[in-house]
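Please read it alongside the sequence and the coordinates.

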Amino acid sequence: MNAPFVRELEDRPGKLTYQRWASFGPYYAMFPVSFARRVVTTYTEAGDSVLDPFSGRGTSIICAAEFGREGLGVELNPLGWLYGDVKLNPGRKELVLARLAHITNMASEFEYDADQLPEFFKRCFCKTVREFLVASREALDWRGSRIDRTLMGFILVYLHGKVDRGRPNALSNQMRQTKAMAPEYSIRWWAKNSMYDPPEISPEPFLRQRVEWRYAKGKPANPHIAASIRNGDCRKVLPGIRGNLVGNCKLLLTSPPYCGVTSYYYDQWLRFWMLGETSHPTRDASWKGKFENGADYQDMLDQAFASSRRLLADDATIYVRTDKREATKTATLTALEQAFPEWSVAMIDSPFPRDTQTALFGDRTKKPGEVDIVMRR
């Protein structure tokens, strides 16, 4: 760490609040919080603006707000957007807990719907949890209501996870927190490991405890900082941006999806079910895929960075973390050099410090790591 970053990290107001909220929301290929903090504080000053056209769960924008920078993030994936929006400006704790109690009281009305769910759900969640989840899925207006969105965020975070020595850390039977396995595989695994019946959990006290903990140091909302994350395609959202951000953003900090690596939908299909998707993972829409078509991937990056250009100041820094594999790296560098031909380019290797997520599922092959592309005039 450089000395200015250490000072700013230690001296900023509300640091414990931001530390508690910054990691909200398990998500694949997310920025390390420490990395985003370091880049934001190295290349911007208080009052500057930060842009992230592929904001994921919003780490770059929450770190910008944390250090007194304004920020705009855009995220196509509604799950990532929900996480980012909640941790950037969560609803009032008292109202979130009241909504939790209300959903709990109405959950028994959904007994029939819960019983009609496929076998996977009956092995993953006990009856009380299933009723609560179906009620939440039907009743929470997570797009239109900040309170409902905040409660849905907590449900999604703890929807599935480990059972540690018989003590559940989530609402589900044993499962990774970061990735939902396929239904058929899960059923076979639970049966093989004598975990065919899910743990009995009361959702209301389970979630209440975790809401109380998250809010214990306060909430990160800063009324003096204009920071937001929008749900949509950055190629369509960014051209419509007006106001102070145009021509004034001092840092573009982002990490685009990697070509052919993962489906953000498929890995999170169970959480997407909570948001209204099908009860079995599918790949029937383009946003659910792995960006495997090279030409389409290049076109997406070309348009995304071209749309970002009008928002950047002439002395802005462009900092893009991407996959070191040739397809993704070449496409990203090509798009950046096309959008910013007068910027100089520096490449910084960023090897993985530990096993990647794929190692958890049997893939022990060595991964090439990532590379940071830094561009300045």
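The structure is a predicted model, in which local features need pLDDT of at least 70, side-chain atom pairs count only at pLDDT 80 or more, and totals for chains, interfaces and linings use all residues. Residues are numbered from 1 along each chain as its sequence is written, and side-chain values use heavy atoms, with hydrogens and water left out. The protein holds 16 helices and 9 strands; helices (H or I, at least four residues) and strands (E, at least two) are DSSP runs, numbered from the N terminus.

- The average pLDDT of the protein is 88, and 85% of the residues score at least 70; pLDDT is the predictor's confidence in each residue, from 0 to 100.
- Of the 377 residues, 55% count as buried; buried means under 20% relative accessible area, exposed over 50%, and partly exposed in between (1.4 Å probe, protein chains only).
- Among contacts between residues at least 6 apart in sequence, 77% join residues at least 24 apart.

- Strand β2 (residues 70-75) pairs with β5 in the parallel sense over 5 bridges, and Leu72 stands opposite Ser228 in β5.
- Strand β1 (residues 49-52) runs parallel to β2 and is joined to it by 4 bridges, with Val50 opposite Gly71 in β2.
- In β2, 5 of the 6 residues are buried, so the strand is largely enclosed by the rest of the structure.
- Ser49 lies in strand β1 and is buried, with a relative accessible area of 7%.
- Leaving out residues up to four places away in sequence, Ser49 touches Glu70, Leu245, Asn248, Cys249, Lys250 and Leu251.

- Helix α10 (residues 146-157) has 12 residues and reaches 16 Å from its first C-alpha to its last, close to the 16 Å expected at 1.5 Å a residue; the expected span is 1.5 Å times one less than the number of residues.
- Helix α10 is mostly covered, with 11 of its 12 residues buried; among them are Ile147, Asp148, Arg149 and Phe154.
- Helix α12 (residues 203-215) has 13 residues and reaches 18 Å between its first and last C-alpha, close to the 18 Å expected.
- The buried residues of α12 are Pro203, Glu204, Phe206, Leu207, Arg210, Val211, Arg214 and Tyr215.
- Seen down the axis of α12, its buried residues fall within an arc of 165°, so they line one face of the helix; the arc is that of the directions from the helix axis to the C-beta atoms.

**Individual residues**

- Ser194 has a positive phi of about 55° although it is not a glycine.
- Most residues other than glycine have a negative phi.
- Ser194 is placed in the loop between α11 (183-192) and α12, and it counts as exposed at 70% relative accessibility.
- Met300 is placed in helix α15 (residues 294-309) and is buried, with a relative accessible area of 7%.
- The C-alpha atoms of Met300 and Cys234 are separated by 9.6 Å, although these residues are 66 apart along the chain.
- Glu337 is found in helix α16 (residues 326-339) and counts as partly exposed at 40% relative accessibility.
- Apart from neighbours within four places in sequence, Glu337 is in contact with Val345 and Met375.
- Glu337 and Phe305 are 32 residues apart in sequence and 9.5 Å apart in space, C-alpha to C-alpha.

Conventions: Pairing = 2+ DSSP bridges. Contact = heavy atoms within 4.5 Å.
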